[in-house]
Amino acid sequence: MSDQDIARNLKSIQQKIEKVATDAGRDPKEITLVAVSKTKPNEDILEAVTAGHLQFGENRMKELEDKMAEIELTDVVWHFIGNIQTNKIKYIADRVNWIHSVEKAKYLKEIEKRAGKANRVVNALIQVNISGEKQKGGCEPEDLANILESAQNYDHVIVRGLMGMATFVDDPEDVRSEFKLLKELFDSHQKYNEGSVNLEHLSMGMTNDMEVAIQEGATMVRIGSAIFGERNYD
Ligand SMILES: *Cc1c(COP(=O)(O)O)cnc(C)c1O
């Protein structure tokens, strides 16, 4: 995609976030835009950086590892948003800032171990299955409490919120209830905030359903195609 397009798209998404948040009575500054750069070349990421954007999301561990090594800018904040493979956590733990897609306590344990070796702290979000579709991943709502409790005494991972992916639909109104469910779980699990658990973020909303997600309380939106253009594959 051309540089002007990426800069223009970023600006228009930021403006949309501002408008939707303000209309919903929320402070737009509470909402972080994660630019999902998966499958896109480093040049596209660097164009976005030039336009002033620093938060990027990737959904493949190897691709994230490579991009983090190649783009050496220390200001860039990297978010992992895809399927976790336990044996690959070690390859990203020395640089990744956020992992949104933690669905099992064993992943937290491995992040704790690997981030500890790198002498750093990684921010984690617990992914909850809000769509009922197995392929979207995420823990079941009833498992959330146990997963949160498992992290309370960790030193190198902080659980800072929840993440969810809604069903893909044409009309985002149809998934408002899924976002509401994640917000309800977020509220009802605040009582597990102790030690390294501090639920303050809700990562929900993609290109298609960002508006509804913000209305329902998202503090992080993960936007790919509206910034970098369509992808040939995921
Ligand atoms: C690809 C992806 C996104 C971004 O999707 P778009 O529809 O391109 O905005 C967001 N979240 C996750 C987990 C993804 O894999």
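Predicted model: local features only at pLDDT ≥ 70, side-chain atom pairs only at ≥ 80, totals over all residues.
1. Helix α7 runs over residues 176–188.

2. Which residues of α7 are buried? They are Arg176, Glu178, Phe179, Leu182, Leu185 and Phe186. An α-helix has 3.6 residues a turn, so residues three or four places apart point the same way. The cover over the buried residues of α7 includes the strands β5 (122–128), β6 (157–164) and β7 (197–203), along with the helices α6 (144–151) and α8 (210–215).

3. The structure has one aromatic pair. Its members are Phe56 and Trp78, with ring centres 6.1 Å apart and planes at 45°, a tilted arrangement. Phe56 belongs to strand β2 (residues 55–58) and Trp78 to strand β3 (residues 77–80); at 22 residues apart, they link distant parts of the chain. Phe56 and Trp78 are both buried.

4. A ring also takes part in a contact with a charge: the charged end of Lys136 sits over the ring of Phe168, at 4.0 Å from the ring centre.

5. Around the ligand are Val36, Lys38, Ile81, Met165, Met206, Thr207, Arg222, Ile223, Gly224, Ser225 and Arg231. Lys38 places a polar side-chain atom 2.7 Å from a ligand oxygen atom. For Arg231, an N or O atom of the side chain is 2.8 Å from an oxygen atom of the ligand. Arg222 has a polar side-chain atom 2.8 Å from a nitrogen atom of the ligand.

Definitions and conventions: Residues numbered from 1 in each chain as written. Heavy atoms only, no water. Helix = DSSP H or I, 4+ residues; strand = E, 2+ residues; numbered from the N terminus. Expected span 1.5 Å × (residues − 1). Buried < 20%, exposed > 50% of the residue type's maximum accessible area, 1.4 Å probe, protein only. Contact = heavy atoms within 4.5 Å. Phe/Tyr/Trp six-rings, centres within 6.5 Å; stacked < 30°, edge-to-face > 60°. Lys NZ or Arg CZ within 6 Å of the ring centre and 35° of its normal. Near = heavy atom within 4 Å. Polar contact = N/O pair within 3.5 Å; in protein donor to acceptor, adjacent residues only side chain to side chain.
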